[in-house]
Amino acid sequence: DKTGTLTQNIMEFKLCSINGHVYRIGAEDGHTSIQTTSLQDVLGSRHQCRDEVIEFLKVMAICHSVIPEQTQEGVVYRASSPDEQALVNAARSLGIVFQSRTPDSITIDVVGSKEEYKILNLLEFSSDRKRMSVIVRTPDGAIKLFCKGADSVIYERLCPNDPLSKVTANHLERFAVSGLRTLCVTQTVLEEDLYEKWSERYYQASIAMEKREERIDQVSEEIELNLSLLGATAIDDKLQTDVPESIEALRKANIKIWVLTGDKQETAITIGFASRQLTSSMHIMILEGHTPEDVHHKLSEFVGKIGQANLIKKDNAALIVDGKTLEHALDPSVQESFLNVALACRSVICCRVSPSQKAAVVEMVKVKVKDSITLAIGDGANDVGMIQAAHVGVGISGREGLQATLASDYAITQFQCLVRLLLVTWGLELQPSV
């Protein structure tokens with residue numbers, strides 16, 4: 001896994017794209033070459049974009065599952081997702097404050113003015129859905145759906161010819177190339193009749209005795225359509241201490257390292273270079289295909305272009321594949337070719353993958369590669385499947401809860417501890433006694 005395993009999982013809001021313009025919090029820090037405007041400057045003046053910025057920040061302060069907790073120091077936000085906590089904290093620092101939540105409502109302070117929104121439905125985030133939505137009744141009586149999630153699923157649900165789709169896609173790519181984690185932010189207004197009919201179907205799905213989760217997801221799909229893009233957020237998550245050195249040490253021990261992440265391809269590649277999983281001297285092969293036949297053809301092209309001898313040369317090739325292509329690569333008709341190319345590469349990075357795909361990749365290597373010993377390491381609930389699929393499972397106890405560590409054979413606190421676990425502890429155990 002990448003987030004929380006190779007990185008610190010300490011999220012810091014850096015940039016955002018709103019209505020085609022890029023904004024930052026505070027001073028310039030060189031994260032991207034795009035010209036940016038300070039959010040503080042926009043909100044502290046009569047800037048022409050002030051209203052659209054406030055609308056964007058209001059969605060950040062409303063569309064989440066964060067719980068506010070009153071302490072002696074003030075309100076503290078408790079969140080299961082560090083990303084959500086970073087977004088809500090960023091909105092608060094800009095004067096759009098999430099104040100309180102009840103089962104039926106959420107209250108925010110918009111630059112000194114309180115607004116209460118009635119919560120009609122909360123469509124929760126999951127690793128398969130890659131998005132979350134909240135349906136609210138606004139103070140003026142309108143019904144709105146706010147949705148945030150990965151661009152790969154949000155763009156499929158935008159209204160046709162959305163005016164911001166192209167410029168925001170360009171900003172998303174720039175953010176990802178800088179190693180930032182991205183989310184799209186959208187909204188849509190729902191007609192009363194349409195919502196009432198959908199609400200009944202959602203209720204029936206929520207009380208179903210069989211396949212409840214599947215039915216809820218299906219009904220949720222029906223309402224999360226024709227979305228209007230407001231913009232996107234970009235969050236920084238730095239590498240843990242000594243990650244590049246740890247990866248290099250494991251490589252010297254002839255251990256192959258594959259990264260399986262839910263992040264965008266560009267973000268995964270940037271982190272790959274930062275962690276020395278990728279180097280500038282490597283042949284980087286990006287595998288893309290819409291059918292198993294496409295993928296098989298691409299794999300043959302890679303081998304033919306680079307040459308079998310160069311492909312297996314040490315430190316010479318890396319394979320990068322996204323979740324949609326991986327689905328075809330794991331097809332029985334293609335799997336052997338995919339595995340042969342992947343095993344010949346120094347590095348493999350699978351991005352935008354689901355938890356089930358993470359487990360499937362581990363299972364493939366475990367079953368197909370003779371005498372192999374697989375180890376999977378992760379820190380969150382979405383890593384449990386691959387941790388349990390591997391011969392050895394290692395959980396990192398971090399900010400994502402205890403699911404990974406409880407499902408693992410070994411628990412560590414940081415990725416760098418894996419070096420000592422594998423090369424020292426196990427190395428001593430495997431040495432013949434004298």
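Here's a quick tour of the salt bridges and surface patches in this structure. It's a predicted model, where local features need pLDDT of at least 70, side-chain atom pairs count only at pLDDT 80 or more, and totals for chains, interfaces and linings use all residues. Residues are numbered from 1 along each chain as its sequence is written, and side-chain values use heavy atoms, with hydrogens and water left out.

**Salt bridges**
- The count comes to 25 salt bridges, each being a side-chain nitrogen of Lys or Arg within 4 Å of a carboxyl oxygen of Asp or Glu.
- R352 pairs up with D151, with their closest N and O atoms 2.7 Å apart.
- That pair links distant parts of the chain, 201 residues apart: D151 sits in helix 4 (residues 151–154), and R352 in the loop between strand 16 (347–351) and helix 14 (355–368).
- Helices (H or I, at least four residues) and strands (E, at least two) are DSSP runs, numbered from the N terminus.
- Both R352 and D151 are buried, meaning under 20% relative accessible area, while exposed is over 50% and partly exposed is in between (1.4 Å probe, protein chains only).
- E248 forms a salt bridge with R346, the closest N and O atoms being 3.7 Å apart.
- E248 is partly exposed at 25% relative accessibility, whereas R346 is buried at 12%.

**Surface**
- F273, I284 and I286 make a nonpolar surface patch of about 220 Å².
- Patch residues have over 30% relative accessible area and no salt bridge, with nonpolar side chains (Val, Leu, Ile, Met, Phe, Trp, Tyr) joined within 5 Å and like charges within 9 Å.
- Areas come from the Shrake-Rupley method with a 1.4 Å probe; for residues, only the protein chains shown count as cover.
- I284 lies in strand 14 (residues 283–287).
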